[in-house]
Amino acid sequence: MRYVTLADVFAHPVAQKYLKRSGIAHAIATAYHAYRLALQYGVNVDLATKAALLHDIGHYEWYANGTWDYEQYKQNDIHAIKGAERAHKLLIRLGEHPKNAKEIALAILLHTDSYLPEGEFKRKPLQTIIKLADEADEEPGGKHHYRKIDETLAWKKIKQLDELVDRKMHHERLDDII
Ligand SMILES: [Fe+2]
């Protein structure tokens, strides 16, 4: 069952504030990639799409002369830590199941390698696909954070993805019954 939809998340002022900072177009594109990858890897599409939509909400503004100082960002960034915490708080507030909120927060925490010890770390499938989904939409120099999307189109895409997720979850329930 779905406790919180993408539309619930997207409508929340906290999500709006931080998604705008790191790029709504990138967040939505990553959520679509995550849906596709979740089907491919047999991962829960509800968790995958929400984790992907929220994966960058921990971003600070690394501005220098009006644009992002990408080098400074790369060196000092902890957006995944901040994002995991923010997403967790937001999801719990919206009524997400604590187990789901934890899984999503962990996938956000681990979507980047920037501060993980090299080598031995092994991601769970949900965590892997959030990383892959993010990378699938990345552009050199962090340009994906600047890509714009019209608000009406953004909402249309969110609702469309919610429908795809609902449909998939519904079919899984039917498979369980049969
Ligand atoms: Fe990202």
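Q: Which residues does UniProt give for the HD domain?
A: The unreviewed UniProt entry places "domain: HD" at residues 23-139; such annotations may be inferred rather than shown by experiment. This is a predicted model, where local features need pLDDT of at least 70 and side-chain atom pairs count only at pLDDT 80 or more, while totals for chains, interfaces and linings use all residues. Residues are numbered from 1 along each chain as its sequence is written.

Q: How much of residues 23-139 is helix and strand?
A: Over that stretch the chain is 64% helix and 3% strand, taking helices as DSSP runs (H or I) of at least four residues and strands (E) of at least two.

Q: OK, and at what angle do α3 and α4 pack?
A: Helix α3 (residues 24-41) and helix α4 (residues 45-54) pack at about 155°, with axes 7 Å apart, the axes being lines fitted to C-alpha atoms over the stretch in contact and angles running from 0 to 180 degrees between N-to-C directions. That makes the two roughly antiparallel, a label for angles over 145 degrees.

Q: Which residues make that contact?
A: Among them are Ala27, Ala31 and Leu39 of α3 and Val45, Ala48 and Leu53 of α4, where contact puts C-beta atoms, placed from the backbone, within 7 Å.

Q: Switching topic, what about α4 and α9?
A: Helix α9 (residues 151-177) packs with α4 at about 155°, with axes 9 Å apart, which makes α4 roughly antiparallel to α9. Val45, Asp46 and Thr49 in α4 meet Leu161, Val165, Lys168 and Met169 in α9.

How values were computed
Angles under 35 degrees count as roughly parallel, over 145 as roughly antiparallel, 65 to 115 as roughly perpendicular and the rest as oblique. Two residues are in contact if their C-beta atoms, placed from the backbone, lie within 7 Å.
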